[in-house]
Amino acid sequence: MSKTSAPPPAGSPSDGGPGAPGLSHGLKQRHLSMIALGGVIGAGLFVGSGAGISQAGPSIIIAYTLSGLLVMLVMRMLGEMSAANPASGTFSVHAERAIGPWAGFATGWIFWFLLCVVVGLEGIGAAKIMTGWLPGTPEWMWVAVFVAVFTTANLAAVKNFGEFEFWFAALKIVAIVTFLGIGLLAITGALPDTDAPGLSNLTGAGGFLPNGTEGLIFGLLASVFAYGGLETVTIAAAESEHPVQGVARAVRTAMWRIAIFYIGSMAVVVTLVPWNDPRVVEKGPYVATLDHLGVPAAGQIMNAVIFIALLSAMNANIYAASRMSRSLVARGQGPAFLGRTRNGVPWTAVLVSSGFGFLCVLLSYWRPDDVFMWLLNMIGAIILVVWFFVAVSQLILRRRTEREAPEKLVVKMWLFPGLTYAALAAMVTVFVLMAREPDTRTQLYYSGALTLTLCLVGWVRQRAAARRPALAEATDA
C-alpha cells in the first residue's frame, strides 16, 4: 500500500494535489499566511455584524466567542486533514476518502454553488459603493468590471491571485488593527477629547442581555455565518511551494488572530456605542463607532475598507470555485471541459465560475423577488453543512491515518475525539436553533433540500460507477 494518509476510493482519480500534473505551485508562504488571515475578514464583519448587535446587545461578545471557538475547531480539523493530504479540493477530497464518492460530490458542488452566488453578492455590494462615489453610473457595469478584472487575474497565474489577496488582506488587517487601537485608547480615556465610557454601555439600556436568550441566539446565528471563508487557505495550500508546512503554519497562526479581530472588534463596539444606536445597523458597527468618537470622514474611510473587503472576497471566491470544480472533474465528479488547464491555471473553470457569479447578479435585476431570493435562501446554511462534513471526515480519517501513516499527522486536532464530537454537537445545536427562528428556518429548509438533492445525485452516480466494472466483466465473458 502506498504511503498516503488514506487511500482514495477505488476508481477515484487523484485530485491533483502536490506532485500531480496540471496546477502550478506559485503561492508563497506569505501568500498563504495572509489568505488565512484575510479570508474570513469580509463585509460580514464590517457591516453584517450590526444586525447581530442590534438583537443580542452587548452579549454579542459571547455569541462571537462561542462561534469563534467552533470555527477554531473546524479550522484545526481541516488543517489536520489538509496537512496530511494537501489537495485543491480540500474538504471535498477528504469527504470522498472518508465517507464515499457521493459525499465528495455533494460537498464539492454545494460549496461551488455557494461561492459563485457569493461572488455575485459581493459584486453587487462593491458596485453600490462605487455608485455612491460616482452617482449615475449603473451598478451592473461596475460588477462586470470587477468580474472582468478578477477573472483576468485568475486566468494569468496563481501567483497573481496570491499577490491580490496578500495586499487586500494586509489592508483589511491594518484597518482592523487601527480600529482596535483607536477603540482601546477611547475605552481607557487616552484618546483626546473623549471620556472613558466605563461599563455604562455594557450594563445600561436593558443590561448585558437586553433581549434575553432569544437575542443571544440571533446574534449567535449571525456570527456563525460571518466566519465563512477560512476554507480558502486549505484550497490554496495545494498550489503553494511547500503545501504541508504551509497549511500547518497558516492554520496555527491564523486562529488566535482571527479571534482577536472578531471578538475584539465586537467588544470595542459595544463598549463604546450603545447597542441600540440606530447607526449600528444603518451604517455598520465600525462606522458607527468612529462617528461616535468624532473621527473625521469615518464613513468614507470605512466605505473604502469595505470596498476592499468585498473585492478581496470576490477574488478569493472566483479562485476557490475554479479550483474546487477542477478538483471534482479530476475525480470524475463533473464535466470534463472544466478540467482544462493552461499554464497551470484551470481556465475553463475560472470562466464558468465567474460567469455563473455574474449571472446571479443579472438575476438580481431580472427576477429579484423569486429566482434571486431562491438562490439566497439556498446558500443560507451551506457553510454549516460543509463544516459538518469536515468534522465527520476528520473523525474517520484521523483513525485511519494513525493506523496507516501516523507521520502524516503534522497538525493534530486537540483532545481527539472529544472536541470533534463537541463540534458536531455544536453544529447540530445551530441547526436546531435555525429551525426555531422564522428568519432562518426558510434558509435551513432550502439549503437542506439542495444538500439532499446533491447527496442523492452523488449516490446514484456512485452506484452507477460501481456497476460499470461488473457489466464490463459480464460483457467480456
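**Helix H18 and its neighbours**

Mentor: In this predicted model, the axes of helix H3 (residues 60-84) and H18 come within 10 Å and cross at roughly 125°.

Trainee: How are H3 and H18 oriented to each other, then?

Mentor: Oblique. Angles over 145 degrees count as roughly antiparallel and 65 to 115 as roughly perpendicular, and the pair is therefore oblique. H3 passes H18 in a left-handed crossing.

Trainee: Which residues in H3 meet H18?

Mentor: Leu70, Leu73, Val74 and Met77 do, and on the H18 side they meet Leu419, Thr420, Ala423, Ala426 and Met427.

Trainee: Switching to H17. At what angle do H17 and H18 pack?

Mentor: About 160°, with the axes 10 Å apart; H17 covers residues 382-404 and H18 covers residues 418-436. H17 and H18 are therefore roughly antiparallel. The crossing of H17 past H18 is left-handed.

Trainee: And what does H17 meet in H18?

Mentor: Thr420, Tyr421, Leu424, Met427, Val428, Val430 and Phe431. The H17 residues in this contact include Trp387, Phe388, Gln394 and Arg399. The residues of the contact divide into 13 nonpolar, two polar and one charged.

Trainee: Which residues of H18 are buried?

Mentor: Thr420, Ala423, Leu424, Met427, Val430, Phe431, Leu433 and Met434. Of these, Thr420 and Met427 meet H3, and Thr420 and Met427 also meet H17.

Trainee: Last one: how many residues has H18, and how far does H18 reach?

Mentor: H18 has 19 residues and reaches 27 Å from its first C-alpha to its last, close to the 27 Å expected at 1.5 Å a residue.

Terms used: Residues numbered from 1 in each chain as written. Predicted model: local features only at pLDDT ≥ 70, side-chain atom pairs only at ≥ 80, totals over all residues. Heavy atoms only, no water. Axes fitted to C-alpha atoms, helices over the stretch in contact; angles between N-to-C directions. Helix = DSSP H or I, 4+ residues; strand = E, 2+ residues; numbered from the N terminus. Parallel < 35°, antiparallel > 145°, perpendicular 65-115°, else oblique. Left-handed = near helix turned anticlockwise from the far one by under 90°. Contact = heavy atoms within 4.5 Å. Nonpolar A, V, L, I, M, F, W, Y, C, P; charged D, E, K, R; others polar. Expected span 1.5 Å × (residues − 1). Buried < 20%, exposed > 50% of the residue type's maximum accessible area, 1.4 Å probe, protein only.
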